[in-house]
Amino acid sequence: MTYLTELVELFEYKVADIARGQAPRGDRRDFMELRATLLGSQHLDGRLRRRLMAAEKTFRDLKRQGLADPKERAEDLLAQTSLRARQMRGGELALPELGRLLWEAEQRRWVFGRLWASRNEPSLMTLRVLSAMNDTVIREQKGERPSDLMTLPEALTAGLSSPQQVEALSQSLTALMAAPAGRARLRSALRSLLDQPLSVESTDDSDLLLDTAHRRAPETGQAHDLAAVAGILERLIDRWPERPPLPARLPMLFGSGEGGVMQPDDAEPYLFIDLAAGQQARWKGTDFSWTLAGQTWQLLVGGRPYLLRADIPANLRVWTLEHGGWMFYAVLSDHYLLLRSQRAAPQELRVLASKARGVAYLLSPQQHFANLRLARAGALALRGQPVDAVALGPALAAHYQVTAPQDLGALGRRGIEALDALMAPYSPEEGTEVLAEAAQALGLEREQGVRLATVLRSIQRPDLVFDPQMLELDGLPPAGIFVLLPWKGSASSCRSASTSCCWNRVGQATPTRRPSRWRSTVIIRCR
């Protein structure tokens with residue numbers, strides 16, 4: 001029997017004494033000191049931790065019933081003070097790991113948001129380049145030759161723009177970006193890719209990673225697009241922000257407040273809780289309560305249940321909790337929980353943002369407004385009507401070029417909504433084939449029809465909307481993603497270290513700054 005096993009067993013005996021209405025063997029001060037030592041220990045294995053927390057739960061239940069300490073004594077107060085000190089020391093030891101997990105989670109979300117936005121590129125150049133770089137890093141570690149750049153048909157066949165692929169690529173890139181050695185490997189992979197001869201493939205990407213589909217840029221070739229993406233990625237690697245320190249005065253909760261409910265300061269963006277020292281808290285207008293079941297903490301956030309497992313790998317002990325207009329990141333280490341809050345966009349607004357990306361894709365001016373023309377041809381084909389390649393040919397672009405921005409936006413919105421409804425009766429494969437054939441009827445590549453089908457299938461998926469204050473705190477630029485700002489019905493502006501944005505009422509702003517409004521909030525996309 002190990003020393004820690006003996007201590008846990010002694011604690012169980014003492015709790016059993018109290019449950020029988022007896023004084024714990026030894027004295028009460030010894031009991032409280034033992035309890036503090038075990039709760040603050042970082043060396044208990046899973047089996048001993050479960051035994052400890054089961055006995056601790058019994059003891060807390062007895063305290064709530066007034067059966068554990070009918071007479072408060074001075075030595076009890078001294079022991080409780082010692083317990084709090086030990087809990088705080090244990091919390092301070094856990095904080096670095098929790099801060100790292102929190103920062104990496106925000107990085108992954110930001111990288112995913114940027115890559116998800118890059119799906120609007122006609123040739124998926126950013127995703128193809130990053131996929132090749134990631135594969136090259138893996139190959140070089142095995143002593144194999146660098147990976148080739150996928151062609152667009154290969155990328156579509158591989159489902160490179162699917163949520164699962166984008167998520168996997170985001171996780172891999174975030175892990176590499178987290179360390180200088182990883183960033184050096186990405187630079188090497190990018191140089192290897194640029195040294196390779198390119199296959200002949202015509203592309204029209206001018207937006208690339210920044211997703212600015214409103215520009216009327218001239219057509220460019222694949223080599224130019226690759227160089228543009230490479231330049232953006234080189235700057236991103238060179239300027240990747242370091243992990244910011246946690247606030248010096250981080251709010252920490254290690255015991256019950258008035259009425260047994262801990263009530264920290266709502267103005268603070270962080271909250272650190274010792275889950276073993278209490279059961280309820282109220283923060284940001286949201287009620288939190290928790291209980292332990294084995295190695296899983298059952299957490300209620302505004303009445304909604306979440307299961308937080310403490311026995312899974314560190315990178316998986318990160319959860320996103322939402323309630324009352326707030327999104328909470330939660331990271332767990334043993335019985336210590338670190339929360340960070342940021343304002344959350346309503347679900348309806350996030351879906352609207354996703355549709356806005358679809359509209360932006362249709363309104364891209366490349367290839368004589370090929371996407372908008374294809375949308376009209378696809379609508380005809382989905383209705384079973386013939387496609388008039390002459391009426392929907394390149395000459396139609398002249399009409400779109402002189403159309404007022406608000407009218408062009410309305411046309412794109414109606415096009416997205418109509419295609420979404422028309423695609424509903426079709427299976428994904430059937431709908432994709434109809435749009436691919438419509439593209440061929442217009443003299444376009446089949447892949448353009450496949451790309452449009454991919455965009456349409458994602459417009460009902462809520463987009464990511466970020467809190468600009470949190471981006472500023474993390475040193476992450478808001479370019480290419482949606483940010484959430486308060487809307488007061490008048491012209492406003494915001495500025496960060498690298499980006500400035502301004503907006504006005506719909507119809508009074510320039511097309512590139514026009515917001516999408518929902519109740520009292522507005523989302524804007526910054527360049």
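Strands β4 and β5 form a hairpin with 2 residues between them. G294, in the turn, has a positive phi of about 70°. Strands here are DSSP runs of E with at least two residues, and helices are runs of H or I with at least four, numbered from the N terminus. The model is predicted: local features need pLDDT of at least 70, side-chain atom pairs count only at pLDDT 80 or more, and totals for chains, interfaces and linings use all residues. Residues are numbered from 1 along each chain as its sequence is written, and side-chain values use heavy atoms, with hydrogens and water left out.

The protein has 16 helices and 15 strands. Of its 527 residues, 50% are buried (under 20% relative accessible area; exposed is over 50% and partly exposed lies in between, with a 1.4 Å probe and protein chains only). Contacts are heavy atoms within 4.5 Å. Among contacts between residues at least 6 apart in sequence, 62% join residues at least 24 apart.

Strand β4 covers residues 286-293. It pairs with β5 (residues 296-301) in the antiparallel sense, over 6 bridges. Pairing requires at least two DSSP bridges between two strands. Within β5, Q298 is the bridge partner of T291. Strand β3 (residues 280-283) also runs antiparallel to β4, joined to β4 by 4 bridges. Here Q280 stands opposite S289 of β4. The β3 and β4 hairpin likewise has 2 residues between the strands, and K284 takes a positive phi near 55°.

In a regular strand the side chains alternate between the two faces of the sheet.

Helix α1 spans residues 3-19. Its 17 residues should span 24 Å at 1.5 Å a residue, and its end C-alpha atoms are 25 Å apart, which agrees. The expected span is 1.5 Å times one less than the number of residues. Buried positions in α1 are T5, L7, V8, F11, K14, V15, D17 and I18. These pack against α2 (28-39) and α3 (46-64). Just after α1, G21 takes a positive phi of about 85°.

Helix α9 (residues 222-238) has 17 residues and reaches 24 Å from its first C-alpha to its last, close to the 24 Å expected. Its buried residues are Q222, D225, L226, V229, A230, G231, I232, L233 and I237. Their cover includes α5 (125-141), α7 (163-177) and α8 (180-195).

Helix α15 (residues 446-458) packs with α10 (residues 347-362) at an angle of about 160°, with the axes 9 Å apart. Axes are lines fitted to C-alpha atoms, for helices over the stretch in contact, and angles run from 0 to 180 degrees between N-to-C directions. α10 and α15 are therefore roughly antiparallel (over 145 degrees; under 35 is roughly parallel, 65 to 115 roughly perpendicular and the rest oblique). The contact involves S354, G358, Y361 and L362 of α10 and Q448, R451, L452, V455 and S458 of α15.

Helix α14 (residues 428-441) also meets α15. Their axes come within 7 Å and cross at roughly 140°. The two helices are therefore oblique to each other. Residues in this contact include P428, T432 and L435 of α14, and R446, G449 and V450 of α15.
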